[in-house]
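Please keep the view open as you read.

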Amino acid sequence: MLSLLETLINGLLLGALYALFGIGLSLSLGVMRMINIAHGDLIVLGAYLSSVIVLNTDLDPLSSLLIVIPMMFVIGWLLQKLLFNRVMGRDPLSPLLLTFGLSIVIQNLLQELFSADTRSLPAGDLALQGIELGGVNIGVLPLISAGISVLAFLFVAHLINRSPIGSAVRAVADDQETARLVGVNDRRLFAYMAGFVLVTVAVASVLYGMRTPFSPTAGPERLIYSFEAVVLGGLGNLWGTFFGGLIIGVAQLLGARIDTGLGPFFGHLVFLVVLIARPEGLFKAGRA
Amino acid sequence: MLRVEQLSAYYGLFQALFEVDLRVDEGECMALIGANGAGKSTLLRSLVGAVKVSADSVQFDGEAVGGASERKQLKRGITLVPEGRRLFPSLSVRENIELAQRHGRPGRWDTELLFQELPALAEVQNRPATALSGGQQQLVAISRALVTNPRLLLCDEVSLGLSPYAVDEVYRLLNMARQDGMSVVLVEQNVQRALAEADRFYCVQKGRVVLDGVAAEADHHAVANAYFGV
């Protein structure tokens, strides 16, 4: 019974990380109406950037974020300005194809630069530390990751629902044509949004790299978990993405109890069942 | 102030406007009259940059401004109240108006002044904009345009589907704007009302101007013929 509780808690903590993977995807889907197939590869790219910084400086992975975050913001901003803005607002297929291509380019670039070997970010003592609560063991690193994820969601929710930028973002999500009529510069807004999305990706990627070894081809799997979190929670519902991530995390670890190799399978199974029962997602579309 | 010369507009291969000529003078109210699909909305959308047209075809203060972006036209002082109001459902009444104010021109009209003039809106300012009655929504849509402090306000079907009382409220607000010297273009289904409010009028039929004149001297028979195309 106690071990079941432990699995549940660890599943929630893992799910919070998946939710953090999904937050950027949720924003690009909800606001820019764009599916970024390269989302997972960008997560892996962020982890490699952090790895390069950690190997060449005395910074640890978490402090490497001071450099990785601005770098990822610029990458996102440039991608939107130079590539994505050219295909937005046409048909949904164009961004899909473009980012699919980008995904292949990133994977091969990483393979070329860093070989196909797996790497991980040194988490140091954090990886081993745990706290015991009434017989339940909880890792400190997953706890920190989950804490950061919750903070990220609170911050994004505040940004979208309470700030002037947020009202411009919601206006564009509602009705892009009319947003332009009231003077919103949608393309510039998209560029900043894409930069911000990659900031959330940067944070997620470092936490991910400290927890799991990664390789250049690990992206698509990250994309699938992010995508499942977003769709499970209901498109355009930010907190839906958070709870969607939690559900996937719990399903994976409960599944792994049955058979260690079947964790991800159970995550997909839950996703499939929900998709059949409630194609619109668990939560109704709310604000951004 | 505004001069439209030889304006043609297209949606892909479909031509919606054919060499339209018209003008709006400073402080004037001009009515555009025509049946559904005549090209009135396309004309307004061409003026604000939502439909791309050649630069020379739209002149504002003598400057060729056709085809410029919505943002540039807004900064010059041309604002559209779009057909069907098009409020942002995710934004409250106040957010809808403030969003436009932030991107518009500085001037007398701002959110606080409007809430003062329209106390009924002030009461519901924190409700989602699309939760209001049609008449109130239209007032929000016009407020959203007024806070950009335009010199030329384009109104597309602002009284469509409203109760007579709500229509009067809408025109009371527009007349306040006109007293400030704002020029107004009205696209209106209600021909009588349009002619009563406007100084001059143009009748548009199948993308062409077929009749124009001073509103007060309009021959209703001729207008009806131009409207129905008989």
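What percentage of the 230 residues of chain B count as buried? The answer is 48%, where a buried residue has 20 or more other C-beta atoms, placed from the backbone, within 10 Å of its own.

A word on conventions before the points. This is a predicted model, in which local features need pLDDT of at least 70 and side-chain atom pairs count only at pLDDT 80 or more, while totals for chains, interfaces and linings use all residues. Residues are numbered from 1 along each chain as its sequence is written, and chains are lettered from A and ligands numbered from 1 in the order in which they are written.

1. Chain B as a whole. Chain B holds nine helices and 10 strands, counted as DSSP runs numbered from the N terminus (helices are H or I with at least four residues, strands E with at least two). Its radius of gyration is 17 Å, close to the 17 Å of the globule rule for 230 residues, so chain B is as compact as a globular protein of that length. That radius is taken over C-alpha atoms, and the rule is 2.2 Å times the number of residues to the power 0.38. Along the principal axes, the C-alpha atoms of chain B fill a box of roughly 45 × 35 × 35 Å.

2. The six-stranded sheet. In chain B, an open sheet of mixed pairing runs in the order β6-β7-β8-β3-β9-β10; two strands pair if DSSP finds at least two bridges between them. β6 (78-81) and β10 (208-214) of chain B are at the edges with a single partner strand each, so one side of each has no neighbour in the sheet. Within this sheet, β3 (residues 29-33) and β8 (residues 183-187) of chain B run parallel and are joined by four bridges. You can find B:C29 opposite B:V184 in β8(B).

3. The four-stranded sheet. Here the order is β2-β1-β4-β5 (chain B), with antiparallel pairing in an open sheet. Seven bridges link β1 (residues 2-11) with β2 (residues 14-24) of chain B, and B:L2 stands opposite B:V24 in β2(B). Two residues lie between the strands of this hairpin of β1(B) and β2(B), where B:G12 takes a positive phi near 65°. On to the next pair: three bridges join β1(B) to β4 (residues 58-60) of chain B, and B:V4 has B:V58 as its bridge partner in β4(B). Two bridges then connect β4(B) to β5(B), with B:E63 of β5(B) as the partner of B:F60.

4. The nonpolar core. The largest nonpolar core has 157 residues, and those with the most contacts inside it are A:L20, B:L154, B:C155, B:L186 and B:F201. Such a core is a set of buried Ala, Val, Leu, Ile, Met, Phe, Trp, Tyr and Cys residues joined through C-beta atoms within 7 Å. Helix α8 (residues 186-211) of chain A gives the largest share of this core, 16 residues.

5. Where the chains touch. Chain A contributes 17 residues to the contact and chain B 20 residues; residues are in contact if their C-beta atoms, placed from the backbone, lie within 7 Å. On the side of chain A that touches chain B, α6(A) supplies the largest share, seven residues.

How values were computed
Two residues are in contact if their C-beta atoms, placed from the backbone, lie within 7 Å. A residue is buried if 20 or more other C-beta atoms lie within 10 Å of its own, exposed if 12 or fewer, and partly exposed in between; C-beta atoms are placed from the backbone.
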